[in-house]
Amino acid sequence: MRKLLVAALCVAVTATGCGASVEPATDAKSAAVTLTNCGRKVTFDKVPERVVTNDVGITELMFALGLEDRMAGFAMPDDKGDLTGVPWKDGYDEVKWLSRDQLTKENVLDARADFVFAGWNYGFREDSGFTPEALKKLGIPSYVLTESCHNGRTETSRGIMPPLDALYADLTNLGKLFGVEKRAAALIADFKKQVAEVRAQAPKAADRPKVFLYDSGQDQPFTSGRYAAPEQIISEAGGTNVMHDVQDSWTTVGWESVVQRDPDVIVICDYGDVSAEQKKKFLLSYAPLRNVSAVKHKRIFVLDYVDLVESPRNPSAVARLGAYLRTVAEER
């Protein structure tokens with residue numbers, strides 16, 4: 001599953017990469033830009049010139065928009081996927097890898113960053129004090145990944161809009177901020193076209209497979225609620241997220257709720273020290289799941305971490321999962 005169809009993904013980035021020509025980014029001295037981020041109006045006095053990002057999906061949003069020359073570096077663990085076959089390999093080669101963990105105030109300052117693009121639980125975290133408010137005190141503006149916006153339902157719950165809408169909102173905002181609106185609009189149009197083509201082939205409502213997203217965890221599974229990217233990746237691909245009623249993005253649930261909802265398919269999020277194959281072996285051998293349809297029929301599908309967090313790889317993930325779910329629907 002780690003080998004991406006690079007040629008197909010190049011189609012998705014016709015405005016930005018794989019040798020395509022793009023419009024130049026705006027002049028750094030242009031007028032201030034006001035954006036809506038996590039429901040709040042935020043004004044940026046100038047176009048950032050030394051952007052620092054946290055995590056693979058956020059970093060690739062910048063690369064997909066052709067903004068490598070505006071970046072001072074990124075932070076990302078080694079376990080977030082194979083980068084050798086991605087359409088934005090040149091971006092990874094060009095931009096400095098600041099940390100193989102997470103951003104900190106220290107590495108942001110060392111990079112002389114003038115803008116931080118991260119998200120809650122994607123770099124920003126209250127426990128360590130690495131927050132937009134803390135950066136503001138240092139004179140460094142920031143932007144919060146829309147998938148990760150706090151929604152106020154609980155202290156930590158996240159997500160304020162459908163996941164693909166979050167992707168499009170961030171591309172639109174970044175396009176406006178960096179003066180590459182045409183580039184952003186072309187990406188969004190192509191992504192919407194890809195998703196629409198998969199949707200048109202999806203099984204009828206009565207035949208849609210029920211899908212559970214398994215990220216990690218043995219005592220309790222970590223999964224996707226309504227506002228994380230897997231929700232819409234699953235639904236656009238022709239399935240139903242069994243945790244749709246959970247009004248959060250990434251969160252922990254109980255195994256009993258998985259058993260009760262009896263998914264037809266389990267999608268594994270592949271990253272970390274525990275391999276996808278190890279996760280699959282656990283799921284197939286875990287006694288409480290033995291009567292779950294997905295386990296009985298060994299219907300387990302693997303997607304990479306970056307496919308399943310907000311990123312420019314989401315539409316490709318919809319297409320690949322869609323092909324699998326159509327097969328499952330035909331077999332049932």
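Keep in mind that the model is predicted.

Let's start with helix H6, which runs over residues 163–178 and has 16 residues. From its first C-alpha to its last, H6 reaches 23 Å, close to the 22 Å expected at 1.5 Å a residue. How many residues of H6 are buried? The count is 12 of the 16, so H6 is largely enclosed by the rest of the structure. Among the buried ones are Pro163, Leu164, Ala166, Leu167 and Tyr168. Further along H6, the buried residues include Asp170 and Asn173, along with Gly175 and Phe178. Just after H6 comes Gly179, which takes a positive phi of about 70°.

Next up is a bit of charge on the outside. Glu126, Asp127, Glu133 and Glu155 together form a negative surface patch. One of them, Asp127, sits in the loop between strand S7 (123–124) and helix H5 (132–137). Is Asp127 buried or exposed? Its relative accessible area is 74%, and anything over 50% counts as exposed, so Asp127 is exposed.

The last stop is Val274, in the loop between strand S13 (265–270) and helix H10 (276–285). Val274 is partly exposed.

| Residue | Relative accessible area | Class |
|---|---|---|
| Asp127 | 74% | exposed |
| Val274 | 42% | partly exposed |

Key:
Residues are numbered from 1 along each chain as its sequence is written. This is a predicted model: local features need pLDDT of at least 70, side-chain atom pairs count only at pLDDT 80 or more; totals for chains, interfaces and linings use all residues. Side-chain values use heavy atoms; hydrogens and water are left out. Patches are made of residues with over 30% relative accessible area and no salt bridge: like charges are joined within 9 Å, nonpolar side chains (Val, Leu, Ile, Met, Phe, Trp, Tyr) within 5 Å. Accessible areas come from the Shrake-Rupley method with a 1.4 Å probe; for residues, only the protein chains shown count as cover. A salt bridge is a side-chain nitrogen of Lys or Arg within 4 Å of a carboxyl oxygen of Asp or Glu. Lys and Arg count as positive and Asp and Glu as negative; His and the chain ends are not counted. The place of a charge is taken as NZ of Lys, CZ of Arg, CG of Asp or CD of Glu. Helices (H or I, at least four residues) and strands (E, at least two) are DSSP runs, numbered from the N terminus. Buried means under 20% relative accessible area, exposed over 50%, partly exposed in between (1.4 Å probe, protein chains only). The expected span of a helix is 1.5 Å times one less than its number of residues.
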